[in-house]
Amino acid sequence: LGVSNGALSGYPGVYTRVANYASWIASKLDEWGTAPKFGQVLPPPKPVTPAPTTGPAPDPKPTQDEIAQLSVNQGSLSCSELPPHFIVMNKAPICGTSKDIAGFCMTNGGYTYAIAKQLCTDQGARLCTIFELLDGEVKNTGCGSNSMLIWTSTTCGTGPFGHVVGLGGTGLEYKCVLDGQAMQANRCCGGPSKP
């Protein structure tokens with residue numbers, strides 16, 4: 001354990017070897033209801049049944065816009081559909097990049113959660129989960145950001161914090177931070193998210 005010099009004012013940053021606590025983290029996330037269990041495959045979302053109306057029945061099929069938005073939100077674009085700078089490093093069908101849609105490295109700082117998420121969404125991708133970082137899914141995907149903290153889509157549960165940031169290469173050092181704090185680098189994942 002150690003205290004970080006980059007902690008939020010009044011909040012120490014604590015680091016540990018996450019792999020030693022993976023089962024505890026999974027049990028807490030399961031208790032909080034914020035994440036599936038490790039390895040659990042989630043079924044597709046159930047359609048929402050609209051309230052009865054006096055007009056004609058609505059079409060139960062999603063529109064093309066709804067399908068496109070669902071794909072972007074869940075990062076379900078396949079690696080072959082993403083820009084060529086997305087690299088499959090570890091396990092298909094997950095791929096990653098450290099570059100923005102124009103192909104520039106995302107290592108110049110100033111990446112709040114909203115900015116990082118938007119940079120990924122602009123490419124049809126998503127933020128990686130902390131579990132993908134822990135598994136090294138996007139390690140060595142460019143721009144020297146393996147040793148920089150990057151945003152993940154993993155929430156911190158309840159409390160004053162927003163999302164987990166972890167080392168871009170391994171995720172072994174991670175912490176929960178407010179969504180407005182800026183990170184030095186960003187990475188995006190493609191393909192189905194790993195819980």
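Visitor: Is C176 buried, exposed or partly exposed?

Guide: Bear in mind that this is a predicted model. Buried is the word for a relative accessible area under 20% and exposed for one over 50%, with partly exposed in between; C176 has a relative accessibility of 28%, and therefore counts as partly exposed. C156, at 10%, counts as buried because of that value.

Visitor: How far apart are the sulfur atoms of C156 and C176?

Guide: In general, a disulfide is a covalent bond between the sulfur atoms of two cysteines. Here the sulfur atoms of C156 and C176 are 2.5 Å apart, and the two residues form a disulfide, the cut-off being within 2.5 Å. About its S-S bond the angle is -110°, and the link is left-handed.

Visitor: Which handedness does the disulfide of C128 and C189 have, left-handed or right-handed?

Guide: The torsion about the S-S bond of C128 and C189 is about 100°, so this disulfide is right-handed. Its S to S distance is 2.1 Å. The pair links distant parts of the chain, since C128 lies in the loop between β4 (126-127) and α4 (130-134) and C189 in strand β8, 61 residues apart. C128 is buried because its relative accessible area is 0%, and C189, with a relative accessibility of 0%, therefore counts as buried.

Visitor: Which residue does a disulfide join to C120, and what is the S to S distance?

Guide: C120 is joined to C188, with an S to S distance of 2.1 Å. This pair, too, links distant parts of the chain, with C120 in helix α3 (residues 113-121) and C188 in strand β8 (residues 188-190), 68 residues apart. The link of C120 and C188 has -85° about the S-S bond and is left-handed. Both C120 and C188 are buried.

Methods: Residues numbered from 1 in each chain as written. Predicted model: local features only at pLDDT ≥ 70, side-chain atom pairs only at ≥ 80, totals over all residues. Heavy atoms only, no water. Helix = DSSP H or I, 4+ residues; strand = E, 2+ residues; numbered from the N terminus. Buried < 20%, exposed > 50% of the residue type's maximum accessible area, 1.4 Å probe, protein only.
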